[in-house]
Amino acid sequence: MNQIATLKMSEQAVVDQDELTRVLIRLDQNDVEETFMSLIKSLTDHLAMAEQHYNADDLTELAETMTLVELIAGRLCMTALSRVAVDVIACCERHDSVALAATYARLIRIGECALREIWDLKRSYI
């Protein structure tokens, strides 16, 4: 038994495309791209801030940043990312470093997938 199995972690991003379409239709058509791009930039900025807080083991700031990630992801109809951000907040509040490490890693995987998916959808809608 010298074989070691390597598991590849992957997540399927969940962007509620129907809801995103409804949101985009409700926006002023002159401002759709600007609003959409502003939300994406804000999300990427907050995910980068979260990485700094996580690496510094600053759970208070990480939880606060995750609150903003949850809100922005919700506005972009990224349901999975929004849910996992809430899970990260719960880990921070419990000071559960093991669960936080796993949940934060999942947040990063889902965030990367969701951003790729939303970027592809942007080409279709805007």
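Which residues in H2 meet which residues in H3? Hi everyone, let's start there. Keep in mind that this is a predicted model.

On the H2 side we have Leu39, Ser42, Leu43, His46, Leu47, Met49, Ala50, His53 and Tyr54. They meet Glu61, Leu62, Thr65, Met66, Leu68, Val69, Ile72 and Arg75 in H3.

Now, how are these two helices arranged? The axes of H2 and H3 lie 9 Å apart, and the packing angle is about 160°. Angles over 145 degrees count as roughly antiparallel, so that is how H2 and H3 run relative to each other. Their crossing is left-handed.

You'll find His53 in helix H2, which covers residues 32–55. Is His53 buried or exposed? Its relative accessibility is 16%, and buried means under 20%, so His53 counts as buried. Its side chain also makes a polar contact with the side chain of Thr65, at 3.4 Å. Setting aside neighbours within four places in sequence, His53 touches Asp58, Glu61, Leu62 and Thr65.

Let's step back to the nonpolar core. The largest one has 35 residues, and Met66, Leu76, Met78 and Leu107 have the most contacts inside it. Helices H1 (17–26), H2, H3 (59–75), H4 (79–94) and H5 (97–125) each give two or more residues to this core. H4 supplies the largest share, with eight residues.

One last stop is Leu76. Beyond its neighbours within four places in sequence, Leu76 is in contact with Val15, Leu20, Phe36, Leu39, Ile40, Leu43 and Ile118.

Technical notes. Residues numbered from 1 in each chain as written. Predicted model: local features only at pLDDT ≥ 70, side-chain atom pairs only at ≥ 80, totals over all residues. Heavy atoms only, no water. Helix = DSSP H or I, 4+ residues; strand = E, 2+ residues; numbered from the N terminus. Buried < 20%, exposed > 50% of the residue type's maximum accessible area, 1.4 Å probe, protein only. Polar contact = N/O pair within 3.5 Å; in protein donor to acceptor, adjacent residues only side chain to side chain. Contact = heavy atoms within 4.5 Å. Core = buried A, V, L, I, M, F, W, Y, C linked by side-chain atoms within 4.5 Å. Axes fitted to C-alpha atoms, helices over the stretch in contact; angles between N-to-C directions. Parallel < 35°, antiparallel > 145°, perpendicular 65-115°, else oblique. Left-handed = near helix turned anticlockwise from the far one by under 90°.
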